[in-house]
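Dear colleague,

Please find below the structure that I am handing over to you. The findings follow it, grouped by topic.

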Amino acid sequence: MAMTEIIQKPRVQYVYDFATLEKIPEGATSAQVAAKRLLSGPSLATGKSSTVGAVLTGSRIILTLGTQARGSGAKPHTHPNEQFNYILQGTMVNEIEGEVVFAGPGTLLHTPTAAAHTGLACPDEDLIFLAMKDTRSGIVGPPVDGQYTGPNYLPGFGTRADEPMQTTARMLAEAGHDAAGKKTRYVFDFANLAERPGRISRVKVTPAGPLPWSGGAGAVVTGELLHIAVLKYPHGGALSVNASPAERFVFVAAGALRGEIDGQPVTIGPRSIAHVPSGIRHGFAAGGDGNAVVVVAQDNRFEFIA
């Protein structure tokens, strides 16, 4: 009796823990992985930002979980792809197109394509943020002055250590206007998404809930090439598996998710991320003892489907 050869489908890695990305061995992965490194140069002295992180690159989305030491950040720079930053810890102060704005924990910061901007961690604590871009360009962009001479610093830090330091609260108070953008809305607080008359929005905001299978809810911010959704999955929600023609990354900001991707059971812990290539069946539900807060980046050639 002839033996039948059994061909096993290679196991693909879909879930990545940002804390250990640099340790991932070579093999079948669903996204390209870059080791943890400075994002704007080989050293602080030869870069234009203090941001460090590991980069995941899909076919249409590139992202990193970035960290900036308090009081430091990026010089004025541009890039030919728009950027969304979801803030997990600390407060980011930015000057975008000449307007100073502040993004705190749980908010989403939008930087339009080709807009000159800065981004620094406010003085009180280090900044942790999920940066998401389309793949028209890489994760970093060139400084406006063309000089790679080190990061930008706030008074009291780095090259400005001899200047008086301010607290984050003092910086917010002295800004003297809407911290989300007076003329253009750059910062989106998902607890308060109401628009203010007279202010321009470069993106579209759409409610995304209740999710039909779990009762969760959230909202979607749609830019030029990406949907960015912030969703809450309640504890005890059911799992519904479906496929989307769009590529997506699913990041757990709080709690945990359980689910499956292409028939493989997966668990996604806090500050870990799943990559779902286009056309792959997948589904998620809250997997811990409580709710899960999830950030989804999806290319917007297709309608967003939670």
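**Salt bridges**

Arg170 and Glu174 form a salt bridge in which the closest N and O atoms are 2.7 Å apart; a salt bridge is a side-chain nitrogen of Lys or Arg within 4 Å of a carboxyl oxygen of Asp or Glu. This is a predicted model, in which local features need pLDDT of at least 70 and side-chain atom pairs count only at pLDDT 80 or more, while totals for chains, interfaces and linings use all residues. Residues are numbered from 1 along each chain as its sequence is written, and side-chain values use heavy atoms, with hydrogens and water left out.

Arg170 and Glu174 are separated by about one helical turn because they are four residues apart in helix α1 (residues 168–175). Helices (H or I, at least four residues) and strands (E, at least two) are DSSP runs, numbered from the N terminus. Arg170 is partly exposed, with a relative accessible area of 47%, and Glu174 is partly exposed at 45%. Here buried means under 20% relative accessible area, exposed means over 50%, and partly exposed lies in between (1.4 Å probe, protein chains only).

The whole structure holds eight salt bridges. One of them joins the side chains of Lys75 and Asp145 (3.2 Å, N to O). This pair links distant parts of the chain, 70 residues apart: Lys75 lies in strand β7, and Asp145 in the loop between β13 and β14 (152–153). Lys75 is buried at 10% relative accessibility, whereas Asp145 is partly exposed at 46%.

Glu97 forms a salt bridge with Arg202, with the closest N and O atoms 3.2 Å apart. Here too distant parts of the chain are linked, as Glu97 in the loop between β9 and β10 (99–103) and Arg202 in the loop between β17 (200–201) and β18 (204–207) are 105 residues apart. Glu97 is partly exposed at 35% relative accessibility, and Arg202 is partly exposed at 40%.

**Cavities**

How many cavities of 30 Å³ or more does a search of the whole structure find? The search finds two. A cavity is a set of points, on a 1 Å grid over the protein atoms alone, where a 1.4 Å probe fits but cannot get out; lining residues have an atom within 4 Å of a point. A volume is the space filled by probe spheres set on the points, which are joined across faces, edges and corners.

The largest cavity holds about 250 Å³ of space. Its lining has 24 residues, and those nearest its centre are Thr51, Ala74, His77, Gln83 and Phe129. By class, the lining of the largest cavity has eight nonpolar, 14 polar and two charged residues. In this grouping, Ala, Val, Leu, Ile, Met, Phe, Trp, Tyr, Cys and Pro count as nonpolar, Asp, Glu, Lys and Arg as charged, and the others, Gly among them, as polar.

The second largest cavity has a volume of about 70 Å³. It is lined by 14 residues, with Tyr233, Arg248, His282, Phe284 and Ala306 closest to its centre. Strand β26 gives the largest share of this lining, three residues.

**Positive phi angles**

Most residues other than glycine have a negative phi. Ala114 has a positive phi, near 65°, and sits in the loop between β11 and β12. Arg271 also has a positive phi, of about 60°, and lies in the loop between β24 (264–268) and β25 (272–276).

Yours sincerely

Notes
On a 1 Å grid over the protein atoms alone, a cavity is a set of points where a 1.4 Å probe fits but cannot get out, and a pocket is an open set with protein on both sides within 12 Å along at least five of seven lines; lining residues have an atom within 4 Å of a point.
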